[in-house]
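Here are my notes for someone meeting this structure for the first time. Have the model open and follow along.

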Amino acid sequence: MGYFDATRAAALRGDVIRAALLVFFDFRDDPGRFWLGSGSLRTLDGNVWRGSEGMGKITGLDSPVGTTAPVATFTLAGTNARTAALARSQRTLVKGRDVWVYIQFFTDTWALLDQPAVIWQGEMDQMKYEAKGNGLYNVSVSAECPWANRSKAPYGYLTDTDQNARFPGDRGLEQVASLPGKTIYWPA
């Protein structure tokens, strides 16, 4: 059994194929599954996804190219004050938590084809909210792909603390903090 058997068969028949993005946020207290459609969606794997009712938007699901790692942003626009208050109180619970984006294929009548497949995975960073007026708010969560810190070594700063985390007892960098603005004459 391969990937997207029913979807490929429908494509070979010339059927219209629709697609939607599904997102799983692994929030610390209340993980959530959402999709960019209306109503609830039960996928063939048994999971239920809540619809964003046309208010959801995803940007930045780019593949990393060169030395930059793109940041994805998940936005819920035009939401109410209750959701903004939740974002304000929960923003510390998202940092470092996983987010997964799936693709789900449908027939032209929105019947499910195959199970959803992961197309992007990242780690949530910041949750923000913004008042838009008339009691409406935008809530967004940024996420970095796994390649965001690929060039930074663990404890990658040139500080005594980081050096001791790598090599306990090493005194090689203990004077670094006192060096800015200091004139050193060599040889003494």
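1. Which residue in S8 is the bridge partner of valine 101? Tryptophan 120 is the one to look for. Keep in mind as you go that this is a predicted model.

2. That bridge belongs to the pairing of S7 with S8, two strands that run antiparallel and are joined by eight bridges.

3. Now zoom out to the whole sheet. Nine strands make up an open sheet with mixed pairing, and their order is S3-S4-S2-S1-S7-S8-S9-S6-S5. Strand S3 (41-42) and strand S5 (56-59) are at the edges; each has a single partner strand, so one side of each has no neighbour in the sheet.

4. Helix H1, residues 5-13, touches S7 and S8, and its direction makes about 100° with that of S8. Helix H2, residues 81-90, touches strand S6 (71-79), S8 and S9; here the angle is about 35°, taken with the direction of S9.

5. Next, the nonpolar cores. The largest has 17 residues, and the ones with the most contacts inside it are Val23, Phe25, Phe74, Val99, Trp120, Met124 and Met127. Strand S1 (18-25), S6, S7, S8 and S9 each supply at least two residues of this core. Another core, of eight residues, lies apart from it; Ala20, Leu22, Phe24 and Trp49 are among them. In general, nonpolar side chains in soluble globular proteins tend to be buried together.

6. Phenylalanine 74 is worth a click. Leaving aside neighbours within four places in sequence, its contacts include Val23, Phe25, Val99 and Trp120. Phenylalanine 74 also touches Lys57, Ile58 and Leu61, as well as Val139, Ser140 and Val141.

7. Is threonine 79 buried or exposed? Threonine 79, in strand S6, has a relative accessible area of 6%, so it counts as buried. Apart from residues within four places in sequence, threonine 79 is in contact with Gly135, Leu136, Tyr137 and Val139.

8. Valine 118 sits in strand S8 and is partly exposed, at 42% relative accessibility. Not counting residues up to four places away in sequence, valine 118 touches Trp100, Val101 and Tyr102. Valine 118 and isoleucine 103 are 15 residues apart in sequence, while their C-alpha atoms are 6.5 Å apart in space.

9. A couple of backbone details deserve a look. Tryptophan 110 is not a glycine, yet its phi is positive, about 65°. Tryptophan 110 lies in the loop between strand S7 (98-106) and strand S8 (112-133), and with 45% relative accessibility it is partly exposed.

10. Asparagine 134 also has a positive phi without being a glycine, with a value near 55°. Its place is the loop between S8 and strand S9 (136-144), and asparagine 134 is exposed, at 82% relative accessible area.

11. Finally, which two residues does a cis peptide bond join? They are tryptophan 186 and proline 187, with omega at about -15°. You will find proline 187 in the segment after helix H3 (160-166).

Definitions and conventions: Residues numbered from 1 in each chain as written. Predicted model: local features only at pLDDT ≥ 70, side-chain atom pairs only at ≥ 80, totals over all residues. Heavy atoms only, no water. Helix = DSSP H or I, 4+ residues; strand = E, 2+ residues; numbered from the N terminus. Buried < 20%, exposed > 50% of the residue type's maximum accessible area, 1.4 Å probe, protein only. Pairing = 2+ DSSP bridges. Contact = heavy atoms within 4.5 Å. Axes fitted to C-alpha atoms, helices over the stretch in contact; angles between N-to-C directions. Core = buried A, V, L, I, M, F, W, Y, C linked by side-chain atoms within 4.5 Å.
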